[in-house]
Amino acid sequence: MDLCRLETVKSLMREANINFKKGFGQNFLINPCVPSDIADACADKKEMFILEIGPGIGCLTKELALRYEKVVAVEIDKGLIPILGKTLADFDNIKVIEADILKTDLKKLIAEEAAGREASVCANLPYYITTPVLMYLVESGVPFRSITVMVQKEVAERLCAPAGSSEYGAITAVLGYYGKANMLFGVSADNFVPPPKVDSAVVRIDLYPAPLYAPKDKKLFFGLIKAAFEMRRKTLVNAISSHYPFPKAQIAEALASLGLAADIRGERLSTEDFCRLSDVLSPMLS
Ligand code: SAM
């Protein structure tokens, strides 16, 4: 069954008596090259466990199962579960779980399902929860090797943006703590049914096996990033001083000690810069 044929998608949904749910970000792929390319890019060896988020009717799930040893696909829409039972019936290395990914205990899932294999995540993400899902994955404590996701093109550019560029944002700096994001390829809106209003792109985040940066006070480190980007137009000194009890002169001194100008804006600081700044400021908090 060609799960990327428009007619197949429509007839499967008609038979199950369901419609595309905008609220669940349901835009299904109808170009078979795309799930195949995503599956190729998400890992480099067969002996992997792949966690898929939002299988839809299973077009990407199938491609993953053809390449990797074990796939678990978590789908929130209970209307799609009988369809997945049908479309993936030939595979004995796929398990579909009906659940909200944001309420799934990922450590438990991996312990129960991965059987010691290295794990990666792969998804054509529902765009309404891109950032919460990425944060949930990296904060889960599961040592995923990589996270390969299709997201809105602008979000993909943000995830991969260098410090100082206009696309660089809090999510870029935060994810930079966990891994390195790489832009893989773009996917135009006409590859989906229904077509979304925006184009998409696929990004793979290669997670660091051990953190590259080790801030002494992680809470302050993440807090500084949040403060810097909440007030993007302000200088970093002003942004930090409106969130923390540091005198402005002390923040400027801390910046100077790192070779950074007193009037610098937060968007110019890399993840490493935020780590160094939090290490200079943290002893002054107590
Ligand atoms: N993988 C399919 C494809 O590429 O054609 C479908 C992708 S569609 C963009 C997003 C999928 O995620 C839908 O099947 C939707 O029901 C599911 N979904 C939305 N929110 C979810 C959540 N919180 N947890 C798990 N799945 C979710």
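Where does Ala115 lie? Ala115 is in the loop that runs between helix H5 (106-113) and strand E5 (118-124).

## Overall layout

The model is predicted. The protein contains 12 helices and 9 strands. Its C-alpha trace spans about 65 × 40 × 30 Å along the principal axes. The protein has 286 residues, of which 52% count as buried.

## Ligand site

The ligand is surrounded by 24 residues, and the closest are Leu29, Gly54, Glu75, Asp100 and Asn124. By class, the shell around the ligand is made up of 14 nonpolar, 6 polar and 4 charged residues. The space that the ligand takes is the largest cavity. Two elements give two or more residues each to the shell: strand E1 (28-29) and strand E3 (70-75).

Asp100 has a polar side-chain atom 2.8 Å from a nitrogen atom of the ligand. Tyr128 also places a polar side-chain atom by a ligand nitrogen, at 2.9 Å. In the case of Asn124, an N or O atom of the side chain is 2.8 Å from an oxygen atom of the ligand. On its own the ligand has 600 Å² of accessible area, and the protein covers 99% of it.

## Buried positions in a helix and a loop

Thr130 is found in helix H6, which covers residues 130-139. The side chain of Thr130 reaches the backbone oxygen of Tyr127 at 3.2 Å. Thr130 has a relative accessible area of 5%, so it is classed as buried, the cut-off being under 20%.

Asp77 is placed in the loop between E3 and helix H4 (81-87). Its relative accessibility is 3%, and Asp77 therefore counts as buried. Asp77 and Lys21 are 56 residues apart along the chain, and their C-alpha atoms are separated by 8.7 Å.

## Backbone features

Asn17 has a phi of about 60°. Asn17 is in the loop between helix H1 (6-15) and E1. Because its relative accessibility is 69%, Asn17 counts as exposed. Ala115, the residue of the opening question, has a positive phi of about 50°. Ala115 is exposed as well, with a relative accessible area of 63%; the class follows because exposed means over 50%.

A cis peptide bond joins Val193 and Pro194, with omega at about -15°. Pro194 is in the loop between strand E8 (192-193) and strand E9 (200-207).

Arg67 is found in helix H3, residues 59-67. Is Arg67 buried or partly exposed? With a relative accessibility of 21%, Arg67 counts as partly exposed. The reason is that buried means under 20% and exposed means over 50%, with partly exposed in between.

Arg67 and Ser188 are 121 residues apart in sequence. From C-alpha to C-alpha, Arg67 and Ser188 are 25 Å apart in space.

Ile264 is found in the loop between helix H11 (248-257) and helix H12 (271-281). The C-alpha atoms of Ile264 and Lys234 are separated by 9.0 Å, while the two residues are 30 positions apart along the chain.

Ala239 is placed in helix H10, residues 236-241. At 0% relative accessibility, Ala239 counts as buried. Ala239 and Tyr178 are 61 residues apart in sequence, and the distance between their C-alpha atoms is 24 Å.

Notes
Residues numbered from 1 in each chain as written. Predicted model: local features only at pLDDT ≥ 70, side-chain atom pairs only at ≥ 80, totals over all residues. Heavy atoms only, no water. Near = heavy atom within 4 Å. Polar contact = N/O pair within 3.5 Å; in protein donor to acceptor, adjacent residues only side chain to side chain. Areas by Shrake-Rupley, 256 points an atom, 1.4 Å probe, with all protein chains shown as cover. 1 Å grid on protein atoms, 1.4 Å probe; cavity = no way out; pocket = protein on both sides within 12 Å on 5 of 7 lines; lining within 4 Å. Sits in = over half its atoms within 2 Å of the grid points. Helix = DSSP H or I, 4+ residues; strand = E, 2+ residues; numbered from the N terminus. Nonpolar A, V, L, I, M, F, W, Y, C, P; charged D, E, K, R; others polar. Buried < 20%, exposed > 50% of the residue type's maximum accessible area, 1.4 Å probe, protein only.
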